[in-house]
Amino acid sequence: LERQREEIFNIINAINNPTYKQILYKRYVLGKKWEEISAELFYEAQHVHRLHKKAVEGVHAIRMKKCD
């Protein structure tokens, strides 16, 4: 479990966009609910979901580069 957590943390840190980092960190490291994240970032929940989708696409790109 600790190894997975460290991998998640490293991937999040590899993302350049600070907003994406915040969303992923709050969701996957801190385990916050979407409503909490939205309130803390002063964004509508729908916007946070859109940003999350883009952030996950960035994570996927990073993981694909690691496989090369």
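Modeller: Let's start with the largest nonpolar core, which has 15 residues, and the members touching the most others are Ile15, Ile23, Leu24 and Ile37. A nonpolar core here is a set of buried Ala, Val, Leu, Ile, Met, Phe, Trp, Tyr and Cys residues joined through side-chain atoms within 4.5 Å. "Buried" is under 20% relative accessible area, "exposed" is over 50%, and "partly exposed" is in between (1.4 Å probe, protein chains only). Helices H1 (2-14), H2, H3 and H4 (45-67) each put at least two residues into this core, and H4 gives the most, with five. Helices are DSSP runs of H or I, at least four residues long, numbered from the N terminus.

A word on where this comes from. It's a predicted model, so local features need pLDDT of at least 70 and side-chain atom pairs count only at pLDDT 80 or more, while totals for chains, interfaces and linings use all residues. Residues are numbered from 1 along each chain as its sequence is written, and side-chain values use heavy atoms, with hydrogens and water left out.

Now zoom in on Leu24. Setting aside neighbours within four places in sequence, Leu24 is in contact (heavy atoms within 4.5 Å) with Ile12, Ile15, Val29, His52, Ala55, Val56 and Val59.

From there, look at how H2 (residues 18-29) meets H3 (residues 34-41): they pack at an angle of about 145°, with axes 10 Å apart. Those axes are lines fitted to C-alpha atoms over the stretch in contact, and angles run from 0 to 180 degrees between N-to-C directions. Gln22, Ile23, Lys26 and Arg27 make the contact from H2, and Trp34, Ile37, Glu40 and Leu41 from H3. By type, these residues are four nonpolar, one polar and three charged.

Arg27 sits in H2 and is partly exposed, at 26% relative accessible area. Beyond four places in sequence, Arg27 is in contact with Lys32, Lys33, Trp34 and Ile37. Looking back along the chain, its C-alpha atom is 16 Å from that of Asn17, ten residues away.

Over on H3, Trp34, Ile37, Ser38 and Leu41 are buried. Viewed down the axis of H3, these fall within an arc of 100° (taken from the directions from the axis to the C-beta atoms), so they line one face of the helix. Glu35 and Ala39 are exposed on the other side of H3. After H3 comes Phe42, with a positive phi near 60°.

Technical notes:
Nonpolar A, V, L, I, M, F, W, Y, C, P; charged D, E, K, R; others polar.
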